[in-house]
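Colleague: I'm new to this one. Could you pick a single part and take me through it closely?

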Amino acid sequence: MTVLTGWTSGEAAAPSRDGHGAPARRPRRPRDDRRVAPLFIAPVLIGFAVFYVYPTVRGVWFSVTDYSLLNSPSYVGSDNYSELLHDDQFWNSLKVTAYYVGINIVSQTVLALGLAALMHRLTRSAVLRATLLLPWLVPNVTVGLLWAWLLDANLGFANHLLHSMGVGTVSFYSPTWAMPSVALVNTWAYTGYTALLLYAGMLQIPQELYESAVVDGAGEFRMFRRITLPLLRPILALVLVVSLIGSFQIFDTVAVVYRGSPIPETRVIYFYIYQQAFTFFHMGYASAVAMVLVVILGLLTFVQLRLLRASRSDLG
Amino acid sequence: MSSMSARRGSRIGRGMAWAILIAAVLVTVFPFYWMVRTALTPAGDLFADSHALWPHHPTLINFKRVLGMTSAERARAAGGSGAQINFLWYTLNSIIYSAVIAIAQTFFCAMAGYAFARLRFPFRDALFGILVAALMVPPIFTLLPNFTMVKNLGLMNTFFGLVAPSVLMTPFAVFFLRQFFLSIPKEVEEAAVLDGVGRWGAFWRIIVPMSRGPLITIGLTTTVWAWKDYLWPLLVGRGEHTRVLTVALGVFLQQSPNTQPDWTGLMAGSTLSVLPVLVLLIFLGKRLVQSLNFSGIK
C-alpha cells in the first residue's frame with residue numbers, strides 16, 4: 001500500500017524542466033514515460049489502494065479479531081476459524097450454496113448451449129439476441145420480485161398454469177422446492193446472456209467446416225458433436241468458470257424474496273456472511289467466513305485467467 | 001427418393017428448431033408482460049383477474065401511487081401501505097448512480113489501461129500483476145472493510161460514499177482495456193508522439209477514437225452492473241435521499257403487510273426498474289449483443 005502511493009506522489013512531485021533549456025535541439029525522446037505515467041494511472045492507483053488493497057489487508061486482519069463494529073477489533077488468533085469448523089450453520093450455508101450452484105450451472109449451461117447452437121445454425125437476428133438478453137439487464141431484485149409474484153402460493157400464474165395442465169399445486173417456498181425454485185429463476189435470468197457468449201464463440205468456428213460436413217451428408221446433431229462442441233471447448237470452459245464464479249455469489253434474489261430472513265434451505269453463504277456482519281455485528285467472524293469464499297473463488301478465478309490466455313491462443 | 005425424405009426431415013427439424021427458439025422468447029418475455037399486466041390491474045381486482053391475460057379495468061393508479069402522485073389516503077385505498085414512496089426520486093438516483101460510475105470508471109480505467117499497455121515506467125508490470133491478482137478477491141470480502149471505512153468516515157447515506165468504491169476503477173476494466181490497447185499497432189501513435197503531441201495528445205486524439213468499441217463495451221457493462229447493484233447501496237445508501245431503485249423495491253416489499261404483499265404496487269415499481277434498460281436495449285441493443293464476446297479480449 002505505502003509502496004504504491006509513495007511511488008506515485010514521489011513521481012508527481014519530481015520536477016520536469018526538460019525541453020526548456022535547449023529549444024534549438026530536436027526534441028529527444030525521454031528514456032521512458034515516467035513523467036507522464038503518474039498522470040495516467042493516479043486515479044486508478046488511488047481507487048485501487050483505498051478500496052481494494054487496504055480493505056483486503058483489513059479483511060484478513062478482521063478475520064483474526066473479535067470485532068463488533070462498536071468496539072475496536074481485538075486479536076483472537078485462529079478462534080474464528082476453529083469456530084467455523086464446528087458451526088453447523090456455516091456448513092449448511094456451504095451445502096445450500098453448492099446445491100444452488102449445481103442446479104443453476106447445469107441447467108443454465110445446457111439450455112444456453114442448446115439455444116446458442118440453434119441460433120448459430122438458424123439465424124443472425126440481432127433482435128432475437130437482444131430479446132434473450134433482456135432478463136440479464138434487469139436487476140436481480142426485480143427478477144426476484146417478478147418470480148415471487150409468478151410463483152405466489154395464492155394468486156401466482158405458475159400454479160394456475162400447473163393446474164390447467166392437471167398438475168397439482170406446488171408450494172415453491174417449501175423447504176423442498178425453495179432452493180430449486182431460486183436456482184431456476186436465476187437460470188431464467190442468465191441463460192440468454194450465457195447463450196450469447198457461447199454464440200459469439202461459435203461464430204469464430206470457420207463456416208467451411210459445416211459446409212463440407214453437409215456435403216459429406218452429416219446431420220445437425222453429428223455436426224454439433226463433431227465440430228461445434230470440440231472447437232467451442234476453450235470458450236465453453238471459460239464461460240463455465242465465469243458462470244460458476246457468479247453463481248457462488250447468489251445473494252440479491254434470496255435476500256429480497258425472503259425479505260431478509262431466508263429459511264435455512266435458502267441461506268446461502270453470501271447471505272450468511274451478510275447476516276453475521278450486519279445483523280449480528282460479528283464482523284470478525286463474517287470476515288473469516290468470507291475468507292473461505294476467497295479461497296474457493298480465488299481458485300476459480302485463477303483457472304479463469306489461465307483459460308483466458310488459452311482461449312486467446314486457440315482462436316487466434 | 002432418399003434425398004427428398006432427408007430434405008423433408010430437415011424441414012421438420014428446422015420447424016422444431018424455430019419452435020424451440022420461439023418458446024425461449026416467450027418464456028423470456030412473458031414474466032415482463034405479466035409484470036406490466038399486474039401493474040395495470042387495480043389491487044381490488046387482483047383475485048378476480050388472477051389469470052386474466054388483460055385486466056378487466058386497466059388503471060394507472062398503481063404507477064401514480066408509487067410515483068408519489070396521489071395522496072396517502074388514495075394510495076391506501078388503492079392497496080398501498082400508505083407509507084411515503086417516491087419511485088421517481090429512486091429512479092433518478094439509480095440513473096445518476098449508474099451514469100456517474102460508468103462514465104468516470106471507463107474514463108479512468110482507459111487512461112490506466114493505456115499506461116499499462118504502452119508507457120514505460122518503473123514497477124509497471126509488478127503493479128499490473130497486483131491489479132490482476134485483485135480479480136481473485138470476491139466483492140463481499142472487500143465490502144465488509146469498505147463498509148466500516150465509509151461508516152467511520154461519516155459517509156453513510158451520502159452520494160459520495162455510495163459511488164466511492166467503484167467510481168475510480170475496477171481491476172477488470174483496467175485489465176480488459178489494457179488487453180485491447182495492446183492489440184493496437186505501436187506505429188499508429190509513435191508518429192504522433194514524435195510530431196510533438198506527446199503521450200497525452202496521442203491517447204486522446206488517436207487511441208480513444210480508435211477504441212470506441214471496447215470503451216462503449218466497458219461503459220455499457222458497467223452501466224448494467226451499477227443499475228443492478230443492490231448490496232452496497234443497501235448497506236450505505238438506504239436513506240431516503242440516496243436510495244436507489246433496487247433498494248427501494250426491497251424496502252417496499254418489507255413495508256407491505258405480511259399476509260399479502262402489495263403486488264400491484266410492486267409490479268409498478270418493478271416496471272420502472274425495467275423501462276430504462278429497455279430503452280437502452282432498443283437504442284444500443286445491437287452494440288450490446290455484439291460486444292458480448294470473450295474473444296474481444298485479446
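Modeller: Happy to! A polar contact is a pair of N or O atoms within 3.5 Å; within protein, one must be able to donate a hydrogen and the other to accept it, and residues adjacent in sequence count only if both atoms are side-chain atoms. This is a predicted model, where local features need pLDDT of at least 70 and side-chain atom pairs 80 or more, while totals for chains, interfaces and linings use all residues. Residues are numbered from 1 along each chain, chains are lettered from A, and side-chain values use heavy atoms, without hydrogens or water.

Let's look at A:R129, which sits in helix α5 of chain A, residues 126–137 (a DSSP run of H or I, at least four residues). A:R129 is buried (under 20% relative accessible area) yet has no salt bridge (Lys or Arg nitrogen within 4 Å of an Asp or Glu carboxyl oxygen). The nearest side chain of opposite charge belongs to A:E220, 17 Å away. A polar atom of the A:R129 side chain does lie 3.2 Å from the backbone oxygen of A:R124. Beyond its neighbours within four places in sequence, A:R129 is in contact (heavy atoms within 4.5 Å) with A:M119, A:R124, A:L196 and A:Y199, as well as B:V289 from chain B.

The B:R65 side chain makes a polar contact of 2.9 Å with the side chain of B:T264.

Note on methods:
Helix = DSSP H or I, 4+ residues; strand = E, 2+ residues; numbered from the N terminus. Buried < 20%, exposed > 50% of the residue type's maximum accessible area, 1.4 Å probe, protein only. Lys, Arg positive; Asp, Glu negative; His and termini not counted.
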